[in-house]
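Here is a short tour of one protein chain, meant to be read with the structure open beside you. Let's begin with a bond and then move on to a helix and the core.

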Amino acid sequence: RCRNLSMLFVDSNRLTALPSTISQCKVLTYLNVSNNRIKRLPVSIADIPQLHEFEYDNNPFEFPHKKVFVAGKVGIFKYLKRFITARKTGVLDLTKADLVEIPKEIGFVGDKLKHLKMNDIQPP
């Protein structure tokens, strides 16, 4: 449990993943995961309400895809929140997300997924 954790520095540790339970750190305001080996951000990271600073440089991210990272923390979290919203509504809207494939993270939505909108996938 990390109910009182407000700052987390795990940079330069050769981490390959972050646990999805990181969203339990509700008062986390700063997270530094730079210089690791993280390929996929957990969708749940966008569910940390107080997270204002997020350092993530120098990781070989595959999800979200690189174009999402260009928009910075706001763009990353906006994209990830689409999955969180879909878990509640059953509708996952990935239009205009510059995707080249269906992301594995649709599994995050689980059996609640009723509608998947992806009408602009472009081959690489």
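## The disulfide

The torsion about the S-S bond of C2 and C25 is about -90°, so this disulfide is left-handed. The pair ties together distant parts of the chain, 23 residues apart: C2 sits in the segment before β1 (7–9), while C25 lies in the loop between β1 and β2 (30–32). Keep in mind that this is a predicted model.

In the model, the sulfur atoms of C2 and C25 are 1.9 Å apart, and the structure holds one disulfide. Is C25 buried or exposed? With a relative accessibility of 4%, C25 counts as buried.

## Helix α2

Just after α2, G90 adopts a positive phi of about 85°.

Buried positions in α2 include G72, G75, I76, F77, Y79, L80, F83, I84 and A86. Among the elements that cover the buried residues of α2 are β3 (53–55), α1 (66–70) and β4 (91–93).

## The nonpolar core

Which residues touch the most other members of the largest nonpolar core? They are I45 and Y79, in a core of 34 residues. Both α1 and α2 supply at least two residues of this core, and α2 gives the largest share, seven residues.

Now take a closer look at Y79. Setting aside neighbours within four places in sequence, Y79 is in contact with F63, P64, H65, V68, L94, A97, L99 and P103.

How values were computed:
Residues numbered from 1 in each chain as written. Predicted model: local features only at pLDDT ≥ 70, side-chain atom pairs only at ≥ 80, totals over all residues. Heavy atoms only, no water. Buried < 20%, exposed > 50% of the residue type's maximum accessible area, 1.4 Å probe, protein only. Helix = DSSP H or I, 4+ residues; strand = E, 2+ residues; numbered from the N terminus. Contact = heavy atoms within 4.5 Å. Core = buried A, V, L, I, M, F, W, Y, C linked by side-chain atoms within 4.5 Å. Disulfide = S-S within 2.5 Å.
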